[in-house]
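Let's take a walk through this structure together, one spot at a time. Keep the picture open beside you and look up each residue as we get there.

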Amino acid sequence: MSEPMLRLEGVFTNIAQYHILRGVDLEVPRGRVSMLLGRNGVGKTTTLRTVIGHWRAHGGRITLDGQDITAMPTPAIARAGVGFVPEDMGIFADLTVEENMVLAAVSGPIDSARLDWVFSAFPPLKTFWKSAAGNLSGGQKQMLSIARAMIEKRRLYLIDEPTKGLAPAIVATMARALRELKADGASILLVEQNFAVAKALGDTASVMDDGRVVWSGAMAELGRDADLQERLMGLSMEAR
Amino acid sequence: MRAVLSGDMPRSRVLALILAVILVALALAPFLFPGVRTVDTAARICVFVVLVASYDLMLGYGGIVSFAHTMFFGIGAYGIALASTHMGRGFDALIVGAGAGALVAAALALVIGLFSLRVRAIFFAMITLAVASAVAVLVSQLSGLTGGEDGLTFQTPRALSPAFRFGDSLLGVKLNGKLLVYYLVFVGALILFLLLLRVVNSPFGRVLQAIRENDFRAEAIGYRVVYYRVAATCLSASAAALAGSLYAIWLRYVGPDTVLSMEIMIDILLMVVIGGMGTMYGAVIGATLFVLAQNYLQALMGSASGLVEGVPVLPQLLSADRWLLWLGVLFVLSVYFFPTGVVGRLRQGR
């Protein structure tokens, strides 16, 4: 079996006096979409931020394609091929859409074929190419946030709740774009509260509770088992 | 024109017109407004445009608060004074003094930046305040080298002295070394301003803006925030030092009150706020308005006070001695009506 793209082994993260992650074990297989699921406040966002180096792991080990990145600074992790999409539409509002994208292409000028591919996934970005990113709508900002990660081929994408608070039409656009990213062979660790989207996109799933991964397996298995969903995440039929 | 301005157009007709008027007025100041005081005001505007623009590179683009900008300004000015004093009156002394001043300022900014910007930008503000105060005291104490509180008076190359004549007169203005030194200051300031404009509109400038907005997001893309902040600080310090060098060449004198005082630091902050942060054109507008107010508000109020003589209260309110009060009122009003600075307001209202 090949080395997973990302592996977390017994990762602990403290924020101030709070112990948020209490020994997270997690794997993201190469070229797969791994869903990170769980109730609010169980440590999903902290897990992503620990991988990218925003929060420093106080214990355990994180490896990217076999390389230990536990103590690496955030920019080095990013340049090692990790694209991060934060949950709060992490764009630079004062810059134009074009400037946001140029900034994200850290290894050189934007590849035009790649840009066309991004435009095909998110057409509004082409329309508002020269506009200030701060003037975009919420959905367009989220598109820009994901497009920025997509503009260069990364080894791993960490995406935090890309459909949160978006209109159904925009959610569909997001899901389509993520499917394209998946088809491109990307390894993705995706935090998603929308279970329908998670079921549609995920290959594998890890469910967190109280700072630990309490269940890991195939997304299809979790999607089929209503009792398991209820037990792990408290999902009711309505939520599904 | 777009290439000269590095693609950063004024984006407002009124702003473009104001900038053009200021440029023409400064370019032709010795001919349009002949007189020692008016030309001195024009030269001060040129110097302060660069000084404020260099500060805006740090504050407006990098989000870094510094209280040591006058220290860098002073280092450049003292560089010229010390080089001219020890090497004699020659252009080589000016080049060495300006170059050494810019290098020393950059080196000091590098040391302060590496020590403080690694942690949090606010520490940089506190450390710059301490270092600037220490340098000001040091300059006053090392009187053997710096002239202490009296400062240093020095001679510039003969070609830049008022006694040097290179013709009779043009449009009634004497063609002498003072005219040459004005154009040296004007052209030097223009080149430095355009270079700063190029810096903020380069990919480096975009990264700085991204860092100002959210440093973690910039790091998550792959940019080493501390390197960019330190580089911006060094560039800004060098530009401030070169502005100080131009000022010293113009005055042929340096002293702690003239180039190192905290008052200048406050003036710079006011000019940045009035003009508008995060835009180089704000430096032009802020410096011009502020220096003009500093130089002419007192006289204007004296005249106004004379006009309303006999009216109760008004002559006292408009007394020339109260010019600082009115400058304060103008500042409060400008912040109230132009919270994004004059340039921000003009660009919004285009």
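Predicted model: local features only at pLDDT ≥ 70, side-chain atom pairs only at ≥ 80, totals over all residues.

Gln67(A) is partly exposed, with a relative accessible area of 37%; buried means under 20% relative accessible area, exposed means over 50%, and partly exposed is in between, worked out with a 1.4 Å probe on protein chains only. You'll find Gln67(A) in strand 5 of chain A, which covers residues 67-68. Helices (H or I, at least four residues) and strands (E, at least two) are DSSP runs, numbered from the N terminus.

Residues are numbered from 1 along each chain as its sequence is written, chains are lettered from A and ligands numbered from 1 in the order in which they are written, and side-chain values use heavy atoms, with hydrogens and water left out.

Glu161(A) has a phi near 45°, a positive value in a residue other than glycine. Look for Glu161(A) in the loop between strand 7 (156-160) and helix 7 (168-183) of chain A. Is Glu161(A) buried or exposed? Its relative accessible area is 8%, so Glu161(A) is buried. Asp210(A) isn't a glycine either, yet its phi is positive, at about 50°. Asp210(A) belongs to the loop between strand 9 (204-209) and strand 10 (212-218) of chain A, and at 44% relative accessibility it counts as partly exposed.

Now for the cores. A nonpolar core is a set of buried Ala, Val, Leu, Ile, Met, Phe, Trp, Tyr and Cys residues joined through side-chain atoms within 4.5 Å. In soluble globular proteins, nonpolar side chains tend to be buried together. Here, the largest nonpolar core has 99 residues, and the ones touching the most other members are Phe72(B), Tyr182(B), Val254(B) and Met280(B). Which helix gives the most to this core? Helix 3 (residues 36-61) of chain B does, with 17 residues. Zoom in on Tyr182(B): leaving out residues up to four places away in sequence, its contacts include Leu26(B), Pro30(B), Cys46(B) and Trp250(B). There's also a second, separate core of 49 residues, with Met101(A), Trp129(A), Tyr157(A) and Leu232(A) among its members.

The axes of helix 4 (residues 69-87) and helix 11 (residues 225-251) of chain B come within 6 Å and cross at roughly 50°. Axes are lines fitted to C-alpha atoms, for helices over the stretch in contact, and angles run from 0 to 180 degrees between N-to-C directions. Helix 4 of chain B and helix 11 of chain B are therefore oblique to each other: angles under 35 degrees count as roughly parallel, over 145 as roughly antiparallel, 65 to 115 as roughly perpendicular, and the rest as oblique. Among the residues making the contact are Phe72(B), Gly76(B) and Ile80(B) of helix 4 of chain B, and Ala240(B), Gly244(B) and Tyr247(B) of helix 11 of chain B.

Further along helix 4 of chain B is Ser84(B). Ser84(B) is buried, at 5% relative accessible area, and beyond its neighbours within four places in sequence it is in contact with Arg89(B), Ala93(B), Leu94(B), Phe154(B) and Gln155(B).

Last stop: Val272(B), in helix 13 (residues 262-275) of chain B. With 2% relative accessibility, Val272(B) counts as buried. Not counting residues up to four places away in sequence, Val272(B) touches Val52(B), Tyr55(B), Asp56(B), Leu59(B) and Met277(B). Val272(B) and Gly341(B) are 69 residues apart in sequence, but their C-alpha atoms are 8.1 Å apart in space.

Terms used: Contact = heavy atoms within 4.5 Å.
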